[in-house]
Amino acid sequence: MIFQETYLKDAFVVNLAPHIDSRGYFVRLFSKNEFKEIGFNKEFVQVNYASNTQKYTLRGFHFQLPPFCETKLIRCVRGKVQDYIVDVRKGSPTFLKSFTIELSGDNTQMLLVPEGFAHGYLTLEEDSSLIYFHSMLYKPGHEGGLRFDDPVLGIEMPAVPEIVSEKDMHWPYINETHFTGIKTRHHRKRYRHIIHFPHRKRRIYEPEKHYSEN
Ligand SMILES: Cc1cn([C@H]2C[C@H](O)[C@@H](COP(=O)(O)OP(=O)(O)O[C@H]3O[C@@H](C)C(=O)[C@@H](O)[C@H]3O)O2)c(=O)[nH]c1=O
């Protein structure tokens with residue numbers, strides 16, 4: 001596994017190392033020892049699987065509220081998605097900035113979504129499925145969400161979402177209730193096997209302009 005540090009503090013792209021032979025391939029998705037390299041020492045306590053029938057289905061952007069914040073490891077096992085994360089940690093240097101990556105059943109990348117990040121994706125192919133590893137159990141009633149089209153986030157998608165749940169259509173636009181209060185980790189130790197993504201220019205967040213009545 002090779003960990004690629006993103007420009008969002010604590011969020012990593014995990015590059016897998018498949019063992020290929022005449023049968024196909026074998027690949028390790030998680031190893032406690034390898035993840036220690038990036039300071040990850042939690043346990044995954046729940047594994048979820050989501051199947052999406054249609055292209056341009058959107059799920060997200062979701063996070064669990066304190067004290068049930070969770071780290072998630074995301075792998076697309078079939079089809080293709082554009083995956084997004086948004087830093088909603090109050091006080092984080094990358095607060096409200098987003099990162100996106102294409103994940104697919106054919107590529108060998110996963111995304112590690114740290115605590116205090118919202119996560120979502122848009123399917124780019126029919127029949128796209130994902131598996132998520134969670135460090136916290138599902139807590140109904142403790143879910144937070146961001147609108148995928150919130151102008152504060154300025155997220156550009158490759159296509160207009162065509163299928164979105166009622167719940168995801170009704171998240172309020174950015175306001176204080178979204179801020180998880182999770183602190184970023186302060187250590188900035190350099191890790192082995194880490195590649196850095198270049199910074200992307202994002203629009204400046206101006207709360208007084210963007211807070212909505214919702
Ligand atoms: C997330 C979740 C949902 N459910 C139930 C609640 C509901 O009846 C049904 C569908 O739930 P949702 O509409 O919230 O599912 P969905 O919109 O797919 O939610 C997921 O979105 C992606 C982007 C993530 O990152 C995941 O962590 C999760 O939040 O499944 C569970 O039983 N356990 C769970 O862990």
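**Ground rules.** I'm working with a predicted model, so local features need pLDDT of at least 70 and side-chain atom pairs count only at pLDDT 80 or more, while totals for chains, interfaces and linings use all residues. Residue numbers run from 1 along each chain as its sequence is written.

I looked up UniProt first: its unreviewed entry puts "active site" at His62 and Tyr132. They span 71 residues in sequence, yet no two of their C-alpha atoms are more than 12.9 Å apart, so they gather at one spot. I keep in mind that such annotations may be inferred rather than shown by experiment.

**His62.** I found His62 in strand β6, residues 57-64 (strands are DSSP runs of E, at least two residues, numbered from the N terminus). His62 has 17 C-beta neighbours inside 10 Å, so I log it as partly exposed (buried takes 20 or more, exposed 12 or fewer, partly exposed is in between, with C-beta atoms placed from the backbone). Beyond four places in sequence, its contacts (C-beta atoms within 7 Å) are Ala118, His119, Gly120, Glu143 and Gly145.

**Tyr132.** This one sits in β12, residues 128-134. I count Tyr132 as partly exposed too, because it has 19 C-beta neighbours inside 10 Å. Leaving out residues up to four places away, Tyr132 touches Asn48, Lys72 and Ile74.

**Ligand shell.** I listed the residues around the ligand (C-beta atom within 6 Å of it); among them are His62, Tyr132, Asn48, Lys72, His119 and Gly120. Strands β5 (46-52), β6 and β11 (117-123) each supply at least two shell residues, and β6 gives the most, with three.

Notes: Helix = DSSP H or I, 4+ residues; strand = E, 2+ residues; numbered from the N terminus. Contact = placed C-beta atoms within 7 Å.
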